[in-house]
Amino acid sequence: MCDVFYLAEGPRVALRFIGLQDFDELAALHKESADLLAPWLPGRPVTESYASYESYVARFDQPGHEGFLICLRGTGAIVGRVNINNIVRGTHQSGVIGYSAYASTTGRGYMTEGLGLLVAYAFGEMELHRLEANIQPSNAPSLRLIRRLGFEREGFSPKFQFIDGAWRDHERWAITVEMTGARDQASHLWLSP
């Protein structure tokens with residue numbers, strides 16, 4: 001494993017920025033997880049081609065988007081992907097998260113730990129105040145995950161996003177710095193069982 005700079009580390013996983021060097025590993029993960037991801041992700045897979053992946057990674061050069069990977073600390077293997085999109089600064093200090101787990105690593109708590117690190121990083125280093133997640137009501141695993149992290153349901157958005165051939169309803173969930181406790185304590189909150 002080469003030297004990797006992690007933004008945050010938990011007991012089992014770590015958070016780092018996504019990069020072009022991750023294409024092959026992510027393409028393999030998306031291929032093995034195609035059936036798992038198809039009902040939930042908008043559009044064609046970002047790893048459909050190297051060109052589409054380059055475009056995807058390039059959007060993180062813009063101030064309104066950040067892309068991260070959740071990796072196993074011991075090996076660096078990717079176990080999840082998460083974006084903070086539509087980042088609004090000023091009086092909002094908010095962003096919308098989107099995330100993916102993969103078939104070979106689901107059910108082990110990696111996403112709970114990794115998204116906990118992401119929330120702490122967003123509220124700490126990025127100085128955001130609020131994160132939002134929009135989830136289809138039938139995506140029970142994602143709803144359980146977001147609840148475990150302390151997000152609260154705020155509303156329902158009918159026909160919110162075009163996914164898997166149709167306009168899909170979504171529930172809107174959010175968390176703020178105040179919901180996690182003091183800003184400097186946020187990283188400890190997400191690492192507790």
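A residue is called buried here when its relative accessible area is under 20%, exposed when it is over 50%, and partly exposed in between (1.4 Å probe, protein chains only). By that scale Y56 is buried, at a relative accessible area of 6%.

The structure is a predicted model, in which local features need pLDDT of at least 70 and side-chain atom pairs count only at pLDDT 80 or more, while totals for chains, interfaces and linings use all residues. Residues are numbered from 1 along each chain as its sequence is written, and side-chain values use heavy atoms, with hydrogens and water left out.

The predictor's confidence in each residue, pLDDT, runs from 0 to 100. Its mean over the chain is 89, and 91% of the residues reach 70 or more. Over residues 182–193 pLDDT stays under 50. For that stretch the model has 21 contacts beyond four places in sequence, a contact being heavy atoms within 4.5 Å.

The chain holds seven helices and eight strands; helices (H or I, at least four residues) and strands (E, at least two) are DSSP runs, numbered from the N terminus. The radius of gyration of the chain is 16 Å, close to the 16 Å that the globule rule gives for 193 residues, so the chain is as compact as a globular protein of that length. That radius is taken over C-alpha atoms, and the rule is 2.2 Å times the number of residues to the power 0.38. The C-alpha trace spans about 45 × 40 × 35 Å along its principal axes. Of the 193 residues, 46% count as buried. Among contacts between residues at least 6 apart in sequence, 63% join residues at least 24 apart.

A walk through the elements can start with the strands. Strands count as paired if DSSP finds at least two bridges between them. Strand β1 (residues 8–9) pairs with β2 in the antiparallel sense over two bridges, and A8 stands opposite L15 in β2. Three residues lie between β1 and β2, which form a hairpin. β2 is also joined to strand β3 (residues 66–72) by five bridges, again antiparallel; here A14 has C71 as its bridge partner. Four of the five residues of β2 (residues 13–17) are buried, so this strand is largely enclosed by the rest of the structure.

Next comes helix α1 (residues 23–32), where F23, L26, L29 and H30 are buried. Seen down the axis of α1, its buried residues fall within an arc of 135 degrees, so they line one face of the helix; the arc is that of the directions from the helix axis to the C-beta atoms. Exposed residues D24 and K31 sit on the face turned away from the buried side of α1. The cover over the buried residues of α1 includes α2 (34–37), α3 (50–58), β3 and β4 (78–88).

Rings of Phe, Tyr and Trp (its six-membered ring) pair if their centres lie within 6.5 Å; planes under 30 degrees apart count as stacked, over 60 as edge-to-face and the rest as tilted. The structure holds seven such pairs. The rings of F17 and F68 have centres 5.4 Å apart and planes at 25 degrees, so this pair is stacked. F17 lies in β2 and F68 in β3, so the pair ties together parts that are 51 residues apart in sequence. F17 counts as partly exposed at 36% relative accessibility, whereas F68 is buried at 0%. The rings of Y53 and Y56 have centres 6.2 Å apart and planes at 35 degrees, so that pair is tilted. Y53 and Y56 are three residues apart in helix α3, separated by about one helical turn. Ring pairs link F23, Y50, Y53, Y56 and F60 into a cluster.
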